[in-house]
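The sequence and structure are shown first.

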Amino acid sequence: MSMNKDAIAAPFIKVEEDSNGVLKNIEFVNDDNFNFAYDVVDKMAKKCPDKVAMLHISREGKERSFTFYDMSRYSSKVANYFQYLGIRKGDRVMLVLKRHYQFWFALLALHKIGAVAIPATNLLLKSDFEYRFKAGNVDAILCTADGQVSREVDKATRSYKDLKVKIMVGASRKGWHSFNKEVKYFSSHFKRPRGEAAVHGDDPSIMFFTSGTTSYPKITTHNFKYPLGHYITAKYWHQVDPDGIHFAISDTGWGKALWGKIYGQWLCEACIFTYDFDDFDAKEILRMIEKYKITTFCAPPTVYRVMVHMKLDQYDLSSLQNVTTAGEALNPEIFEKFKNKTGLVIMEGFGQTETTLTIGNLKGDTPKPGSMGKPSPQYNVKVMMPDGRIAEPEEEGEIVIGTEKNTPNGLFMEYYGDEEKTAAAWHDGYYHTGDTAYYDEDGYLWYVGRTDDVIKSSGYRIGPFEIENEIMKLPYVLECAVTSVPDPIRGQAIKASIVLTNGAEASDKLKSEIMKSLKKNIASYKWPKILDFTKELPKTISGKIRRKEIKENDWNENEDE
């Protein structure tokens, strides 16, 4: 095991690398009382106070540069402010702050107090807040003044009476505290709590509401050791440059923001870039990469699907050293097109709200287009068959994480308030991800789909992703989703829902052309029975395609006939 003795992560993380810097093993030490706010941010403020921690660009284009000293000082002010308002260790505080820079101050402040942060999207409505407040026993909320968020919160509190504190960033309303006006009066010194008020590594720190599709979202709870689990995410997957700038697209309402906008990056002493946009504009994102000389970039596959249809040679992307993607599987066609246009290899990664990076193409790996990559040394990843047997190469099964010997930093604690769902997902020494895949002979994993996305037709088990990949190779296809439909003979038949690129027109001739291509390239039992052209695919508010919604609509329609 080795580690740069001067690195901020050295007291807590020991790694084994080969002569080329390729990770072989990782070990976490001295983490029983780890607290990211004190042990990383405050220490960075002392070690290199003038080093830029975040370059923030508002939606109006205003630039703000925050050093580690700034982050330490402002987070202490906010911690004192929160305590004044009655927020204590263990309280649950919802943060609905888009990409506002105040999110970082607030998150670190909650860590300092020992309270639990609950990031959430600004797209939530009254019923969403009602469910989340009650399910999470939320004590306080800090939200943006943009849009209708505060009004929807007020509607929700008519039935939920336990919200003690409401704070707004950017403006003020009756019944709400004004963050910007009030926080400035508080001290920028905050002493690390000791004794009963001290924070322990196993205490709850973060709660995420998962993207519910057919049922209410589960609440994934992580402890204070969770940030350490993102060291591999940043150093060996993103491959952040301590002297560079990392740009992750994600909104702070989602777990992916903590993958790419704070924890691992600051453990690696790298600067993060935040653009507080409302509506995604690929051209503007590319201009930002060009203007600010972004060195590492992470975005979901949807972003790359848009970019490969653009004239990328019009932008100077020469500063980019490494690009990554996660959120859903990346189609090989998009991988190849992006590589051909930019020379950059997209390093795919896989993880869940319940984990950190679990499988990925890490430093030193040669990606296989379409593959998820190899398991992270941090996790004991297996592929398990339905009967509990560990799969052989090429056998499709569920991705599971072994926990019999130890629970790795980064794996969740529980589904808050739901012992039944926790036990259903985590039992007999394994956490069951609900995602299916198979290993190849070289140890790479290939994604098949969610366990409930698998199509069972005429005795065959068919993963949607392989069919989607073939359809995505066609130049006029922007996105597609493959799902099942009821079939009286096969039990289930295959349907492909297809979004065309601008300029392409849906027609029977185009359907014939697509089927002709599929019949040349995939086995007959995988041919879709139905091709459906649609203007858009249903997605979660985090951008993932909701295959379940398409499937359920089709199956429910059949029941009504």
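How many aromatic pairs does the structure hold? In this predicted model, there are 29 aromatic pairs. Two of them are set out below.

| Ring pair | Distance between centres | Angle between planes | Class |
|---|---|---|---|
| Phe 66 and Phe 105 | 5.5 Å | 90 degrees | edge-to-face |
| Tyr 304 and Phe 338 | 5.1 Å | 85 degrees | edge-to-face |

The pair of Phe 66 and Phe 105 is edge-to-face because the ring planes stand at 90 degrees, and planes over 60 degrees apart fall in that class. This pair joins distant parts of the chain, with Phe 66 in strand E4 (residues 63-67) and Phe 105 in helix H3 (residues 102-113), 39 residues apart. Phe 66 is buried at 7% relative accessibility, and Phe 105 is buried with a relative accessible area of 4%.

The rings of Tyr 304 and Phe 338 likewise form an edge-to-face pair, with planes at 85 degrees. Because Tyr 304 belongs to helix H11 (residues 301-307) and Phe 338 to helix H12 (residues 332-342), the pair ties together parts that are 34 residues apart in sequence. Tyr 304 and Phe 338 are both buried.

Ring pairs also connect Phe 36, Phe 68, Phe 208, Tyr 226, Tyr 263 and Trp 266 into a cluster.

Charged side chains meet rings as well. Arg 132 lies over the face of Phe 209, at 5.2 Å from the ring centre. The charged end of Lys 218 is placed over the ring of Tyr 415, 5.3 Å from its centre.

How many disulfides does the structure hold? The number is zero. For Cys 268, the closest cysteine sulfur belongs to Cys 48 and is 13 Å away, which is too far for a bond, because a disulfide needs the two sulfur atoms within 2.5 Å. Cys 268 is buried, with a relative accessible area of 10%. Cys 143 is also buried, at 0%.

Glu 269, although not a glycine, has a positive phi of about 65 degrees. Glu 269 is found in the loop between helix H9 (263-267) and strand E13 (271-275). Is Glu 269 buried or exposed? With 14% relative accessibility, Glu 269 counts as buried, since the limit is under 20%.

Asp 428, also a residue other than glycine, has a positive phi near 55 degrees. Asp 428 sits in the loop between strand E22 (426-427) and strand E23 (430-439). Asp 428 is exposed, with a relative accessible area of 68%.

Definitions and conventions
Residues are numbered from 1 along each chain as its sequence is written. This is a predicted model: local features need pLDDT of at least 70, side-chain atom pairs count only at pLDDT 80 or more; totals for chains, interfaces and linings use all residues. Side-chain values use heavy atoms; hydrogens and water are left out. Helices (H or I, at least four residues) and strands (E, at least two) are DSSP runs, numbered from the N terminus. Buried means under 20% relative accessible area, exposed over 50%, partly exposed in between (1.4 Å probe, protein chains only). Rings of Phe, Tyr and Trp (its six-membered ring) pair if their centres lie within 6.5 Å; planes under 30 degrees apart count as stacked, over 60 as edge-to-face and the rest as tilted. A charge sits over a ring if NZ of Lys or CZ of Arg is within 6 Å of the ring centre and within 35 degrees of the ring normal.
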